[in-house]
Amino acid sequence: MRIIPISLPTPFYIGPVNVYLVGEDPVTIIDTGPKTKEAIEALRTGLRAAGFRVSDIRRIVLTHAHEDHCGLARSLRDEAKNAEVFVHEWETGHRHSRLEYAEHRSLLVRAGVPEDEIETMRRMYEGVRVYADSFADHEYSPLSDEAELEFESGSLRILHTPGHTPGSCSFIREADRTVIAGDCVLKRITPNPVLSPDPIDSSKRFPSLAEYLVSLARLRTFAPTLVYGGHGGPVHDYEELFNRYFRAIRVRQAGVISIVSNDGATAWDVSLAMFPDAGDVHRFLAVSEAVAHLDLAHSEGKIALELRGATEVYKPIAAD
Ligand SMILES: [Zn+2]
Ligand SMILES: [Zn+2]
């Protein structure tokens, strides 16, 4: 089974995105790139170099529903006629459209984000949404954990690896332990656990960082020999990356706990202290990062949490 990486330009800060062509029946593309002229042209060029055209695609599989990964899904599906689009059900419908719905707004209020900043973030994401067409829930086929995507000469096993988003999935070819991991594994940066409502109970927050650590550990049990990520080059030494991620997360957690240590702090306060220079575009991700670390530290019993009106305030654990 041939897995062919194709790099596509994006208008986003993160830079190019990797999509993966599985060049045998049924011809499958894993992720699509954003909905831009530049990305579709680069995709056509990459497909042609591998001996294919968009009209050959039968399956469009999405690692997750961020615009840089899913943006062209509808255009490709329509052009390829009978192509089927697959995504995990926790990624569909309103759940991935960040900041659009009341649930998202209430998560930001709880995080202590001021009203005018919420409005700025919302406007910013309206600008991002033009890079993807939306799909109705019934237009997707679900990706289920442990199910197989069959190909002529082998298969890819679906692994639900939540964390970066609730419905993020990875795909493993067990014959040589090659993994396609989307934004779950990135060579140079630790992926951001994006603030989302819990797919099972939208009044709650998805425990993104705790879930992410489980996903990383689960991937480790397969002893991957090669991991293809959503951005940057492939990872050959997963063990090294795993240890590096865990260390980075522990270091950041210690920093978060020290910020909370005096008078208490909201996630918004913590995000400002951690990332004082994050501009508009990154403020939402900075808040996501702060919330994720505060949630994990709280679930590990390292900090306390109390409600002040609608806002959550984290405090040091009182000494006995
Ligand atoms: Zn992403
Ligand atoms: Zn990405």
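## Exercises: a pocket and a zinc site

H9 gives the lining of the largest pocket its largest share, six residues. This is a predicted model, where local features need pLDDT of at least 70 and side-chain atom pairs pLDDT 80 or more, while totals for chains, interfaces and linings use all residues. Residues are numbered from 1 along each chain as written, ligands are numbered from 1 in the order written, and side-chain values use heavy atoms, without hydrogens and water.

**Exercise 1.** Find out which residues lie closest to the centre of the largest pocket.

*Solution.* Start with the space: about 1,000 Å³. Next, take the 34 lining residues; Ile14, Ile189, Asn192, His282 and Leu285 are the closest to the centre. Finally, sort the lining by class: 21 nonpolar, seven polar and six charged residues. Here Ala, Val, Leu, Ile, Met, Phe, Trp, Tyr, Cys and Pro count as nonpolar, Asp, Glu, Lys and Arg as charged, and the others as polar.

**Exercise 2.** Work out which atoms coordinate the zinc ion (ligand 1), and whether His66 is buried or exposed.

*Solution.* First, list the donors (N, O and S atoms within 2.8 Å of the metal): His64 (NE2), His66 (ND1), His164 (NE2) and Asp183 (OD), at 2.1 to 2.3 Å. Then look along the sequence, where their spacing reads H-x1-H-x97-H-x18-D. His66 sits in the loop between strand E4 (59-61) and helix H2 (67-70), and His164, 98 residues apart from it, in the loop between strand E8 (154-160) and strand E9 (169-173). Both His66 and His164 are buried, that is, under 20% relative accessible area (1.4 Å probe, protein chains only). Lastly, follow Asp183: this residue bridges the zinc ion (ligand 1) and the zinc ion (ligand 2), 3.4 Å apart.

Conventions. Donors are N, O and S atoms within 2.8 Å of the metal (3.2 Å for Na, K and Ca); water is not among the atoms, so sites may look incomplete. Helices (H or I, at least four residues) and strands (E, at least two) are DSSP runs, numbered from the N terminus. Buried means under 20% relative accessible area, exposed over 50%, partly exposed in between (1.4 Å probe, protein chains only). On a 1 Å grid over the protein atoms alone, a cavity is a set of points where a 1.4 Å probe fits but cannot get out, and a pocket is an open set with protein on both sides within 12 Å along at least five of seven lines; lining residues have an atom within 4 Å of a point. Grid points are joined across faces, edges and corners, and a volume is the space filled by probe spheres set on the points.
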